[in-house]
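We will go stop by stop, picking residues and looking at what is around them.

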Amino acid sequence: MKILCVCKQGIVRSGALAWLFKTEFEQDAVSIGYDGNGDELKSLLYDWADSIIALDNTALQLIPISWHFKTLLFDVGEDRWHDPSHQELHSILRKSFGKN
């Protein structure tokens, strides 16, 4: 499965989630930010992905409605971790997909 993880910058929250999907589920996963990436790249990645995961409501709202059929919301709120390897963030993300 190809998974696209989306947050504001594509570094901390979505980066952490992509890493978890790669390492714990052996899935192809990529992170991207809704800020700082062009519409052409975002469209290419929305098309590429089998599943799109938004990490907050803003990310969900900025994903075009035409892609919502394959979009899930894992709302972890604003980035307060500032580090994609932060263990609290990993714990919250694991709970979002039912793995403790």
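**Stop 1: a salt bridge to start with**

Select Glu88 and Arg80. They form a salt bridge, with the closest N and O atoms 3.4 Å apart. (A salt bridge here is a side-chain nitrogen of Lys or Arg within 4 Å of a carboxyl oxygen of Asp or Glu.) Glu88 is partly exposed, at 38% relative accessibility. (Buried means under 20% relative accessible area, exposed over 50%, and partly exposed in between, using a 1.4 Å probe and protein chains only.)

A word on the model before moving on. It is predicted, so local features need pLDDT of at least 70 and side-chain atom pairs count only at pLDDT 80 or more, while totals for chains, interfaces and linings use all residues. Residues are numbered from 1 along each chain as its sequence is written, and side-chain values use heavy atoms, leaving out hydrogens and water.

**Stop 2: the whole chain**

Zoom out and color by secondary structure. The chain has four helices and four strands. (Helices are DSSP runs of H or I with at least four residues; strands are runs of E with at least two; numbering starts from the N terminus.) From the N terminus, the order is β-α-β-α-β-α-β-α. The radius of gyration is 12 Å, close to the 13 Å that the globule rule gives for 100 residues, so the chain is as compact as a globular protein of that length. (This radius is taken over C-alpha atoms, and the rule is 2.2 Å times the number of residues to the power 0.38.) Along the principal axes, the C-alpha atoms fill a box of roughly 35 × 25 × 15 Å. Of the 100 residues, 42% count as buried.

**Stop 3: helix 4**

Select residues 87-96. That is helix 4, where Leu89, His90, Leu93 and Arg94 are buried. They cover an arc of only 135° around the axis, which puts them on the same side of helix 4. (The arc is that of the directions from the helix axis to the C-beta atoms.) What do the buried residues of helix 4 pack against? Show residues 13-25: the partner is helix 1. Just after helix 4, click Gly98, which takes a positive phi of about 75°.

**Stop 4**

How many salt bridges does a search of the whole structure find? It finds four. Select Arg94 and Glu24 for one of them: their side chains meet at 2.5 Å, N to O. Arg94 lies in helix 4 and Glu24 in helix 1, so the pair ties together parts that are 70 residues apart in sequence. Arg94 counts as buried, at 17% relative accessibility. Glu24 is partly exposed, at 24%.

**Stop 5**

Now select Lys42 and Asp39. This salt bridge has its closest N and O atoms 3.7 Å apart. Both residues lie in helix 2 (residues 39-48), three residues apart, about one turn of the helix. Is each one buried or exposed? Lys42 is buried, with a relative accessible area of 13%, and Asp39 is exposed, at 63%.

**Stop 6: a buried arginine**

Go to Arg13, in helix 1. Arg13 is buried, with a relative accessible area of 3%. Leaving out residues up to four places away in sequence, the residues it touches include Asp56, Glu78, Trp81, Leu89 and Leu93. (Contact means heavy atoms within 4.5 Å.)

**Stop 7: the nonpolar cores**

Nonpolar side chains tend to be buried together in soluble globular proteins. Select Cys5, Leu17, Phe21, Ile53, Leu55 and Leu93. These have the most contacts inside the largest nonpolar core, which has 18 residues. (A nonpolar core is a set of buried Ala, Val, Leu, Ile, Met, Phe, Trp, Tyr and Cys residues joined through side-chain atoms within 4.5 Å.) Strand 1 (2-7), helix 1 and helix 4 each give two or more residues to this core. Helix 1 provides the largest share, five residues. Apart from this core lies another, of twelve residues, among them Leu4, Val6, Ile32 and Ala59.

**Stop 8**

Most residues other than glycine have a negative phi. Click Glu26, in the loop between helix 1 and strand 2 (28-33). Glu26 has a positive phi of about 50° although it is not a glycine. Glu26 is exposed, at 73%. Finish at His82, in the loop between strand 4 (71-73) and helix 4. Phi of His82 is near 60°, also a positive value, and His82 is exposed, at 62% relative accessibility.

Definitions and conventions
Arc of directions from axis to C-beta.
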